Amino acid sequence: MTSIERVGVVGGGLMGSGIAEVNARAGKDVIVVESSPAAVEAARQRLESSLKRAESRGKIESADAVLAQVRVVDDLTALADRDIVIEAIVEDEQAKTDLFRRLDEIVTSPDAILASNTSSIPIMKLAVATKRPTHVLGVHFFNPVPVLKLVELVPSLMTDEATTERARAFVQDDLGKTAIDCQDRAGFVVNALLIPFILSAIRMFESGFASAEDIDHGLVLGAAHPQGPLALADLIGLDTVKAVAESLYEEFKEPLYAAPPLLARMVEAGLLGRKTGRGFYTYG
Ligand code: NAD
């Protein structure tokens with residue numbers, strides 16, 4: 001199995017910059033592609049401030065040394081020589097299929113892996129946009145990427161086993177993550193279990209059954225969860241919770257995945273949780 005040394009990341013937002021960071025910290029040669037010069041600058045700053053934080057906490061010796069492993073550019077053709085490209089652009093099916101079509105033309109090695117960090121778009125839809133569906137799979141990281149150890153590996157029906165095993169060796173042995181295997185179904189393992197749990201907590205609150213504080217205290221103190229489901233929903237962002245719920249509902253048509261009216265109203269009101277200062281709780 002040939003090792004993966006040259007890594008491409010498309011999209012340098014919240015997830016892409018984290019994925020670039022863990023790869024650079026693992027000694028990989030990393031190229032991040034963003035969509036415009038302004039976005040290149042924003043991605044570079046995101047990466048730099050996260051690395052400086054890691055340096056000040058003693059997690060890495062030198063932020064500058066890690067930064068030197070990363071180039072951030074706005075030209076997709078820079079990815080031609082990559083061993084793996086991990087896509088982390090906006091969660092938009094058309095944008096992602098267009099990108100996979102272009103990556104298929106640009107990335108030259110027939111062994112190269114084209115991976116997606118998508119949370120909800122079927123990997124098969126991305127695979128069939130390329131002429132190398134055997135080398136396309138989902139590699140789903142968790143936010144914040146430098147902290148959370150899990151990666152869900154999501155082969156489609158067309159992915160060959162060698163690709164999955166190479167990706168597993170890369171995320172586990174090189175990046176120090178733990179991989180779990182999931183089928184190409186909306187939500188994979190974690191969101192398929194977590195989202196209905198959060199939706200149940202919202203329904204419980206909405207019906208007046210218990211207060212937000214009591215629901216969260218119940219799960220923290222009675223089930224040893226690190227935070228309650230409503231505080232967690234505020235952290236994820238209520239718009240994201242709703243979008244993932246909708247993709248699960250679309251896939252399985254099960255009532256447990258249906259977004260409750262209160263969640264829809266809060267999103268319409270712009271009460272999205274921590275990022276807007278108010279969700280189930282009020283912040284700062
Ligand atoms: P984000 O909005 O923070 O970042 C997306 C970035 O992609 C932006 O910086 C944007 O400029 C860039 N971009 C858009 N189109 C592009 C293109 N054609 N070429 C290059 N760059 C482009 O989003 P995010 O939260 O980082 O999510 C990215 C992906 O990761 C999505 O598929 C999302 O579902 C998935 N994901 C998100 C989370 C999470 O907790 N946010 C967790 C796991 C997976």
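Residues are numbered from 1 along each chain as its sequence is written. Because the model is predicted, local features need pLDDT of at least 70 and side-chain atom pairs count only at pLDDT 80 or more, while totals for chains, interfaces and linings use all residues, and side-chain values use heavy atoms, with hydrogens and water left out.

Let's start with the big picture. The chain is assigned domain 1 (6–181) and domain 2 (190–274), with bounds from an automatic or database domain assignment. Taken over C-alpha atoms, their centres are 28 Å apart.

Now for the pockets. A pocket is an open set of points on a 1 Å grid over the protein atoms alone, where a 1.4 Å probe fits, with protein on both sides within 12 Å along at least five of seven lines; lining residues have an atom within 4 Å of a point. A volume is the space filled by probe spheres set on the points.

| Pocket | Volume | Residues nearest the centre |
|---|---|---|
| Largest | about 1,400 Å³ | Leu14, Met15, Asn143, Ile236 and Thr240 |

Where does the largest pocket lie? Both domains give residues to its lining, so the largest pocket lies between them. Its lining of 42 residues splits into 21 nonpolar, 15 polar and 6 charged. Here Ala, Val, Leu, Ile, Met, Phe, Trp, Tyr, Cys and Pro count as nonpolar, Asp, Glu, Lys and Arg as charged, and the others, Gly among them, as polar. Elements that each supply at least two lining residues include helix H1 (14–25) and strand E6 (136–141); helices (at least four residues) and strands (at least two) are DSSP runs, numbered from the N terminus.

The axes of H7 (residues 190–206) and H11 (residues 261–269) come within 8 Å and cross at roughly 90 degrees, the axes being lines fitted to C-alpha atoms over the stretch in contact. H7 and H11 are therefore roughly perpendicular (65 to 115 degrees). Leu199, Ile202, Phe205 and Glu206 of H7 touch Pro261, Leu262 and Leu263 of H11, contact meaning heavy atoms within 4.5 Å.

Finally, the backbone. Most residues other than glycine have a negative phi, and most peptide bonds are trans. Yet the bond from Asn143 to Pro144 is cis, with omega near 0 degrees, and Phe188, not a glycine, has a positive phi of about 50 degrees.

Notes
Axes fitted to C-alpha atoms, helices over the stretch in contact; angles between N-to-C directions. Parallel < 35°, antiparallel > 145°, perpendicular 65-115°, else oblique.
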